[in-house]
Amino acid sequence: MGEKRTVMLTLRMLLKWLTPGIGVKRWLLLAASGVFLIALSFAFGILKVLALTPLQAQARMSSWGIVAAALLIGSIIAAFALLKLSRNVLAPYRRNEPRRVIDVVYEHSKRQKGVRLVAIGGGTGLPSVLRGMKKHTSNLSAIVTVADDGGSSGRLRRDMGVQPPGDLRNNIAALADDESLMTQLFQYRFNSGELRGHAFGNLFIAALAGIRGGLEPALAEVQRVLNIQGRVLPSTLDDVNLVATIRQNNKGRVRILGESKITEAGGQIEEIGLVPSDVLAYEESVRAIKEANIVILGPGSLYTSIIPNLLVPGIADALRTTSAYKLYICNIATQPGETEGYSVADHVMALERYLGKGVLHTILANNATPTLNAGVNTTYVDLAPPGHEITQRYQVCYVDLTDPDQPWRHDPQKLAQAILSLYDAERSGDSPILQITV
């Protein structure tokens, strides 16, 4: 009974392809005619070769011209029909893609063969890497912290018991089509009523997690709906919170629980950890790191976006053992409540306390300090002092990475050029030459 049903469904599908007006039958018939003409010319040619002596073949060269003409005409007919057929079949999928099919296919194929890159972090910094690199490769994996407890993510976490979706949402949107209405909807934030402050994408992920029974299947569905270039993965599926030891001038050392409270507390962060501390790394995230060609830490909030991923034991272990080229991208500006007064060297030294020394290969940092559009609150991160110990352990590269409109943030295209230049130099054994032209 099941086999009969399968046969009936297959026949119905085939008959649907022959529905009048959809522009398939005529081109199929024309393509078949072209293929028949090609086959006929080949068959006629083979028979002539087998039947004729060399002397007869030399005397009947004109008939070979007919064979060649038939072969050429058949090829032209078949190619023309297949081109028309492909356009009609692909037309429903190209409403938002006005370029030629061959250009889209070529770029897709090129991205599929691109480097396997893993970017680790969260917040608003990591999406800059993804936006820049998605034009060069589809083999992108973003590994994101899930310790956020503030804003829309925190409310959903408390009210619905889901893992915070905010950082996941931002990175999914960065890998999607920026001009797509669905992407804009995904990033839309309500500004009134009971939903005030919630991003639609956060609600969407939370709802899917409820329907699908967890964050893991929900992310797979979201990424399929937005057709993103790459994937976004949590560092852990466990429910975790950040805890920090902070030195405050008026209170001495205090212990602060919750990411949103850490940056509000003021003072100097001395230590940061996870509660609970014995969480399990998400297996796909660990596998992505081990199989990567390039692993990038940052940019992003040092203590609340990057280091929380390193506090997951399996993530840190994978970083220490992977053969990938490992690169840290330092923030352009210092962050109040986290890195006030920090230089590039201070950022790296903080990372080493949780990752270990010598695990990274290269430090990439900004050396431009534009005043246009910078505003009064931007304080640029100072370069590492000459002769500092990090310059003995790592290759430290400086280049202008600033976004012209928001110079405290990274320009995605400048980042992509710098990353690929450093990786190419690493593979070839040459000294990196960073020439950024945007």
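Two strands are taken to pair if DSSP finds at least two bridges between them, with helices (H or I, at least four residues) and strands (E, at least two) being DSSP runs numbered from the N terminus. The model is a predicted one, so to speak: local features need pLDDT of at least 70, side-chain atom pairs count only at pLDDT 80 or more, and totals for chains, interfaces and linings use all residues. Residues are numbered from 1 along each chain as its sequence is written, and side-chain values use heavy atoms, with hydrogens and water left out.

On to the sheet. Strand 4 and strand 6 pair in the antiparallel sense, over seven bridges.

Gln248 belongs to strand 4 (residues 241–248). Its relative accessibility is 11%, so Gln248 counts as buried; the scale here is under 20% relative accessible area for buried, over 50% for exposed and partly exposed in between, with a 1.4 Å probe and protein chains only. Leaving aside residues up to four places away in sequence, Gln248 touches Val254, Ala265, Gly266 and Gly267, a contact being heavy atoms within 4.5 Å. A polar atom of the Gln248 side chain also lies 2.7 Å from the backbone oxygen of Ala265.

Now the rings. A search of the whole structure turns up five aromatic pairs. Rings of Phe, Tyr and Trp (its six-membered ring) pair if their centres lie within 6.5 Å, and planes under 30 degrees apart count as stacked, over 60 as edge-to-face and the rest as tilted. Phe186 and Phe204 make an edge-to-face pair, at 6.3 Å centre to centre with 85 degrees between the planes. This pair links distant parts of the chain, with Phe186 in helix 9 (residues 181–187) and Phe204 in helix 10 (residues 200–212), 18 residues apart. Phe186 is buried at 0% relative accessibility, while Phe204 is partly exposed at 22%. Phe200 and Phe204 form a stacked pair, 5.9 Å centre to centre and 15 degrees between the planes. Because they are four residues apart in helix 10, Phe200 and Phe204 are separated by about one helical turn. Phe200, at 23% relative accessibility, counts as partly exposed.

As for cysteines, Cys330 is buried at 0% relative accessibility, and Cys397 is buried at 9%. The disulfide count is zero, where a disulfide is a pair of cysteine sulfur atoms within 2.5 Å.

Ser323 lies between helix 15 (313–321) and strand 8 (325–329), and Ser323 is exposed, with a relative accessible area of 72%. The C-alpha atoms of Ser323 and Ala292 are 8.0 Å apart, though the residues are 31 places apart along the chain.

How values were computed: Polar contact = N/O pair within 3.5 Å; in protein donor to acceptor, adjacent residues only side chain to side chain.
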